Amino acid sequence: SKCMTTKTVLCVCAANMRRSPTAANILWSVYGYDTRSAGIADYALIPVTDALLNWADEIVCMEGWMEAAIHEKLINMLISRKVICLTIPDDYDWNDAVLKKEIVDRYERIALGK
């Protein structure tokens with residue numbers, strides 16, 4: 001067990017059915033982060049809530065419009081969080097191998113600067 005606290009990461013897509021659950025799985029299995037996933041659209045399986053935004057150290061969004069919506073919510077909540085946009089379109093099935101590779105590649109480049 002680690003002495004330091006694990007980074008908490010909220011992964012956000014539209015419906016919370018394909019991209020964000022896949023990203024949450026990957027960021028947990030590859031980096032050991034404590035992850036959750038949610039959707040920003042009205043019809044999301046698990047909607048983005050203030051509680052989830054408050055819980056997260058970092059928020060990983062799949063598209064720019066989602067990032068903008070998250071920033072707006074954070075401003076309204078008067079809290080600051082690191083928000084990352086991976087720019088991954090809704091072109092994949094849940095747990096798709098190509099999607100998983102895209103998530104890791106983009107996360108490493110954008111968030112970790114590798």
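This predicted model holds three aromatic pairs. In one of them, the ring centres of Tyr31 and Tyr107 lie 5.5 Å apart with the planes at 45°, so the pair is tilted. Because Tyr31 belongs to helix H1 and Tyr107 to helix H4, the pair ties together parts that are 76 residues apart in sequence. Tyr31 and Tyr107 are both buried.

Tyr107 also takes part in a pair with Tyr33. Here the ring centres are 6.1 Å apart and the planes stand at 65°, so the pair of Tyr33 and Tyr107 is edge-to-face; planes over 60 degrees apart are counted in that class. Tyr33 lies in the loop between H1 and strand S2 (34-39), whereas Tyr107 lies in helix H4, so this pair ties together parts that are 74 residues apart in sequence. Tyr33 is buried, as is Tyr107. Through these ring pairs, Tyr31, Tyr33 and Tyr107 are linked into a cluster.

The surroundings of Tyr107 extend beyond the aromatic rings. Residues up to four places away in sequence being left out, Tyr107 touches Lys7, Leu27, Tyr31, Tyr33, Glu58, Val60, Ile84, Leu86 and Leu112. The largest nonpolar core has 36 residues, of which Ile59, Ile70 and Tyr107 touch the most other members. Two or more residues of this core come from each of strand S1 (8-13), H1, helix H2 (50-55), strand S3 (58-61), helix H3 (64-77), strand S4 (82-85) and H4. In soluble globular proteins, nonpolar side chains tend to be buried together.

When neighbours within four places in sequence are set aside, Val104 is in contact with Ile26, Val30 and Tyr31. Val30 stands 74 residues from Val104 along the chain, yet their C-alpha atoms are separated by 8.4 Å.

Helix H1 covers residues 19-31 and includes Ser20. The relative accessibility of Ser20 is 0%, so this residue counts as buried. Apart from neighbours within four places in sequence, Ser20 is in contact with Cys11, Val12, Cys13, Ser37, Ala38 and Met62.

Charged side chains provide another set of links, for the structure holds nine salt bridges. One of these joins the side chains of Asp90 and Arg18, at 3.1 Å from N to O. Asp90 sits in the loop between S4 and H4 and Arg18 in the loop between S1 and H1, so the pair ties together parts that are 72 residues apart in sequence. Asp90 is partly exposed at 38% relative accessibility, and Arg18 is partly exposed with a relative accessible area of 34%.

Asp90 forms a salt bridge with Arg19 as well, the closest N and O atoms being 3.8 Å apart. This pair links distant parts of the chain, 71 residues apart, with Arg19 in helix H1 and Asp90 in the loop between S4 and H4. Arg19 has a relative accessible area of 1% and is therefore buried.

Glu102 is partly exposed, its relative accessible area being 22%. Elsewhere, salt bridges that share partners join Arg18, Arg19, Glu63 and Asp90 into one network.

How values were computed:
Residues numbered from 1 in each chain as written. Predicted model: local features only at pLDDT ≥ 70, side-chain atom pairs only at ≥ 80, totals over all residues. Heavy atoms only, no water. Contact = heavy atoms within 4.5 Å. Helix = DSSP H or I, 4+ residues; strand = E, 2+ residues; numbered from the N terminus. Buried < 20%, exposed > 50% of the residue type's maximum accessible area, 1.4 Å probe, protein only. Phe/Tyr/Trp six-rings, centres within 6.5 Å; stacked < 30°, edge-to-face > 60°. Core = buried A, V, L, I, M, F, W, Y, C linked by side-chain atoms within 4.5 Å. Salt bridge = Lys/Arg side-chain N within 4 Å of Asp/Glu carboxyl O.
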